[in-house]
Amino acid sequence: MKAQAATRKVVAILQARVGSTRLPGKVLADICGQPMLWHQMQRIKLARRIDELVLATTAQPEDQPLAALAKTAGIPVFLGSSEDVLDRYYQAATKHAAELIVRLTGDCPLIDPTVIDTVVEYAQTHAVDYVGTGWDFPDGLDVEVFTMEALERAWREAAKPSEREHVALYMNSTGRFRTHRLSAGRDLAAHRWVVDEPDDLEAIRRIYEALYPAQGHRFTTEDILRLLAADPSIQALNGHIARNDGLLQSWKRERPSGLPRRHPLARSEELWQRAARIIPAGTQTMSKGPTQYVGGVAPKYLQRAQGSRVW
């Protein structure tokens with residue numbers, strides 16, 4: 001990682017904990033002889049626009065192995081709340097004097113350092129509070145960058161449990177922040193490179209087994225895409241799993257019916273949950289929608305159209 005000439009200090013905060021609901025212990029799962037989280041940290045280190053990488057985990061005893069792993073890799077550790085992830089980010093960012101924060105989650109072992117650099121560069125050169133990758137990126141290349149001022153405002157104002165658990169949700173759902181989503185420039189939304197379920201882990205292991213021995217952590221998104229084109233059975237392993245399921249589960253805990261009743265995309269999300277179980281990739285409409293999320297969710301189905309406008 002190389003410090004930038006830009007005046008704002010860029011701190012990447014990698015959130016991780018052992019107690020995953022759907023796949024406990026996934027961040028320590030073995031991939032090519034090393035924990036999954038270790039591989040992700042090594043790929044993040046290849047980013048050139050990050051000044052410092054911090055692991056933000058919890059003070060729970062079960063998360064001590066994560067702290068030990070990070071220290072062995074030379075990465076500072078912040079121990080914070082297990083439930084209030086927004087507070088964990090704010091406290092970690094404050095401690096490390098961050099001015100631009102890169103949010104990364106510990107279930108994305110294929111994270112692309114060039115994507116990190118692209119999102120950081122946009123945040124450094126545009127008047128935005130928040131910028132993130134859009135829906136046409138593979139699920140698992142997620143990068144979010146926001147200013148310390150935006151993080152502090154969200155930390156002070158966000159009240160819902162979902163807003164405290166999902167760090168940038170308040171920034172994206174209130175209309176009070178200057179936000180932007182970057183496009184991948186092509187539709188890669190059908191690719192799932194995040195680890196939430198056993199099938200996800202198997203797919204990631206297959207990718208690492210094919211690319212890591214020869215290239216180490218420098219294999220690229222293009223390398224992965226070429227591998228999947230040559231061996232479609234890898235993508236088929238987890239293509240049936242719905243995207244953004246963790247956020248939807250948070251909303252369901254707040255309202256048994258799922259999304260807030262008046263959320264404009266509630267019906268779209270209901271259809272997505274049904275389609276993802278029987279249709280590969282669920283739908284292709286989401287890649288053609290606007291780059292801005294509505295409450296953290298992008299539209300996936302259209303009701304009607306008139307001219308250049310769709311509903």
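Modeller: What follows is a tour of the helix packing, the cores and a few residues beside them. Keep in mind that this is a predicted model.

Start with helix 8 and helix 9. Helix 8 covers residues 198-215, and helix 9 covers residues 221-230. Two packed helices are described by the angle between their axes and the distance between the axes. For this pair the angle is about 135°, and the axes are 10 Å apart. Which residues make the contact? Helix 8 brings I207, A210, L211 and Q215. Helix 9 brings D223, I224, L227 and L228. Sorted by type, the residues of this contact are 6 nonpolar, 1 polar and 1 charged.

Now take a second pair, helix 1 and helix 2. Helix 1 runs over residues 36-44, and helix 2 over residues 64-72. They pack at an angle of about 35°, with axes 10 Å apart. This crossing is right-handed. On the helix 1 side, L37, W38 and M41 make the contact. On the helix 2 side, the residues are L66, L69 and A70. The contact of helix 1 with helix 2 has 6 nonpolar residues, no polar and no charged.

Next, the inside. The largest nonpolar core has 58 residues. Those with the most contacts inside this core are L37, V102, L104, I116, V143 and V145. L37 is also part of the contact between helix 1 and helix 2. Several elements give two or more residues to the core, including strand 1 (10-15), strand 4 (52-58) and helix 4 (113-125). Helix 1, helix 2, helix 8 and helix 9 are also among them. Which element gives the most? Helix 8 does, with 7 residues.

Zoom in on V143. Leave aside its neighbours within four places in sequence. V143 is then in contact with V102, R103, L104, I111, V115, I116, V119, V131, G132 and T133.

L86 leads us to helix 3. Is helix 3 mostly covered or mostly open? Helix 3 is mostly covered, with 8 of its 11 residues buried. The buried ones are V85, L86, D87, R88, Y89, Y90, A92 and A93. After helix 3 comes A97, which has a positive phi near 55°. A97 is not a glycine. A97 sits in the loop between helix 3 (85-95) and strand 6 (100-105). With a relative accessible area of 48%, A97 is partly exposed.

C32 makes a second case. Its phi is positive too, about 50°, and C32 is not a glycine. C32 lies in the loop between strand 2 (30-31) and strand 3 (34-35). Its relative accessible area is 32%, so C32 is partly exposed.

End with I31, which lies in strand 2. I31 is buried, with a relative accessible area of 0%. Beyond its neighbours within four places in sequence, I31 is in contact with M36, H39, L201, I204, R205 and Y208. I31 and E209 are 178 residues apart in sequence. In space, their C-alpha atoms are 8.1 Å apart.

Terms used. Residues numbered from 1 in each chain as written. Predicted model: local features only at pLDDT ≥ 70, side-chain atom pairs only at ≥ 80, totals over all residues. Heavy atoms only, no water. Axes fitted to C-alpha atoms, helices over the stretch in contact; angles between N-to-C directions. Helix = DSSP H or I, 4+ residues; strand = E, 2+ residues; numbered from the N terminus. Contact = heavy atoms within 4.5 Å. Nonpolar A, V, L, I, M, F, W, Y, C, P; charged D, E, K, R; others polar. Buried < 20%, exposed > 50% of the residue type's maximum accessible area, 1.4 Å probe, protein only. Left-handed = near helix turned anticlockwise from the far one by under 90°. Core = buried A, V, L, I, M, F, W, Y, C linked by side-chain atoms within 4.5 Å.
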